[in-house]
Amino acid sequence: MAESDSKWSDLTHECLLNILTRLSLKDRWLGPMLVCKSWLQVSKDPCLHTILDLESAFKSRPVESSRWWTAEFERKVNNMVRSVVEWSEGGLKEIRVRHCSHRAIDFVAKRCPNLEVLSIKSCPNVTDESMLKIASACPKLKELDISYCYEISHKSLLALGQKCPHLSTLKRNLMNGLDPSQHIGIVPTSYLNACPQDGDSEAAAIANFMPQILHLELRFSKLTARGLALITERCKDLEHLDLTGCVNVTNRDIANLTSGLTNLKNVKKTNFYIPRAGFNAERYGHWSLYDDRFQTNAFRF
């Protein structure tokens, strides 16, 4: 047994790396890191950490958990983000996570100059201060998803538009205010009631500083026809526009204001009823990666 173990641990770095590149992120975290020191070291190779994508895992289950809105869960996500950022040695290009905090985003801003995709849905403790750091440090950003992040305002959009000229996809969706029962008992009530979002101010920031935007999602935004007019007048290259649940603009407003967008391929208008199952299935899921069993020495920070 000892001889067999020795042979596995003596595999060259290149051979082990070739094996690990064939595994998913989940599989790498669940197995190879716990085999031995040499396998753990190879698991940290920068070439394995150009992408951190947990979004598909969150989508894998349609039911959200109140546990995800706790400080403990946020700490675990922060630790994962910090680890991958460190191991990437500046090569991380894509981050798709949820429920991280400003601590993780600040660390990303310091270490990820090549970041192109940042998706941080449902992060109640990510603020404008952190997003201003991302805007200054990540000029290559192409895609941003800050949906359900209520501590982020139009100030962040203004800075990102000014400093990230390649930004072509923006997702700034809010929770369904038409049916709050979808979130009661899961999302803290204080958070649901504290949304400071000014739809028209955000629309103005997008219109004035993101004219190159191609894909824009503003589900359940509080923007009015005036804000939408600014966007459609100045973002002439729009191809996808999602205004589902925007009760302050009518379908007639949308039809009239988007009529001049020759590249528009898909527009989702104001629907006043969103089936709960469909809405939650799109937003949340679960991954056993966050179970307490992962509080091993290899992953404790």
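This passage describes the fold, the packing and some individual residues of a predicted protein model.

Residues are numbered from 1 along each chain as its sequence is written, and side-chain values use heavy atoms, with hydrogens and water left out. In this predicted model, local features need pLDDT of at least 70 and side-chain atom pairs count only at pLDDT 80 or more, while totals for chains, interfaces and linings use all residues.

The protein contains 14 helices and eight strands. Helices (H or I, at least four residues) and strands (E, at least two) are DSSP runs, numbered from the N terminus. Of the 301 residues, 50% count as buried; buried means under 20% relative accessible area, exposed over 50%, and partly exposed in between, with a 1.4 Å probe and protein chains only. The accessible surface comes to about 13,700 Å², and carbon and sulfur atoms hold 52% of that surface. Accessible areas come from the Shrake-Rupley method with a 1.4 Å probe, and for residues only the protein chains shown count as cover. Among contacts with a separation of 6 or more, 76% are made by residues 24 or more positions apart, where contact means heavy atoms within 4.5 Å.

The eight strands form an open sheet in the order 1-2-3-4-5-6-7-8, with parallel pairing. Two strands pair if DSSP finds at least two bridges between them. Strand 1 (51–53) and strand 8 (266–268) are the edge strands, each pairing on one side only. On average, neighbouring strands of this sheet are turned by 5 degrees against each other, direction ignored. For such angles, axes are lines fitted to C-alpha atoms, for helices over the stretch in contact, and angles run from 0 to 180 degrees between N-to-C directions. In general, strands of a sheet pair through backbone hydrogen bonds, either parallel or antiparallel.

Within this sheet, strand 2 (residues 94–98) is joined to strand 3 by five bridges, and the two run parallel. Glu94 stands opposite Val117 in strand 3. Strand 3 is mostly covered, as five of its five residues are buried. In a regular strand the side chains alternate between the two faces of the sheet. In strand 3 both faces are covered: Val117, Ser119 and Lys121 are buried on one side, and Leu118 and Ile120 are buried on the other. Further along the sheet, three bridges join strand 4 (residues 143–145) to strand 5 (residues 169–171), again in parallel, and Asp145 stands opposite Lys171 in strand 5.

Helix 12 (residues 225–234) has Gly227, Leu228, Ala229, Ile231 and Thr232 as its buried residues. These buried residues pack against helix 11 (199–209), strand 6 (215–217), strand 7 (240–242) and helix 13 (251–257).

Aromatic side chains were examined next. Rings of Phe, Tyr and Trp (its six-membered ring) pair if their centres lie within 6.5 Å; planes under 30 degrees apart count as stacked, over 60 as edge-to-face and the rest as tilted. By this rule there are five aromatic pairs. Trp69 and Tyr191 form a tilted pair, with 5.5 Å from centre to centre and 50 degrees between the planes. This pair links distant parts of the chain, 122 residues apart: Trp69 is in the loop between helix 5 (55–59) and helix 6 (71–88), and Tyr191 is in helix 10 (residues 189–192). Both Trp69 and Tyr191 are buried. Tyr191 also forms a stacked pair with Tyr150, at 4.9 Å centre to centre and 20 degrees between the planes. Tyr150 lies in the loop between strand 4 and helix 9 (154–163), 41 residues from Tyr191. The relative accessible area of Tyr150 is 4%, and that of Tyr191 is 9%. Elsewhere, ring pairs link Phe58, Trp68 and Phe73 into a cluster.

A charge sits over a ring if NZ of Lys or CZ of Arg is within 6 Å of the ring centre and within 35 degrees of the ring normal. The charged end of Arg82 sits over the ring of Phe107 in this way, 4.0 Å from its centre.

Most residues other than glycine have a negative phi. Ser122, although not a glycine, has a positive phi of about 55 degrees; this residue is in the loop between strand 3 (117–121) and helix 8 (128–137) and is buried at 0% relative accessibility. Phe220, also not a glycine, has a positive phi of about 60 degrees. Phe220 is placed in the loop between strand 6 and helix 12 and counts as buried at 7% relative accessibility.
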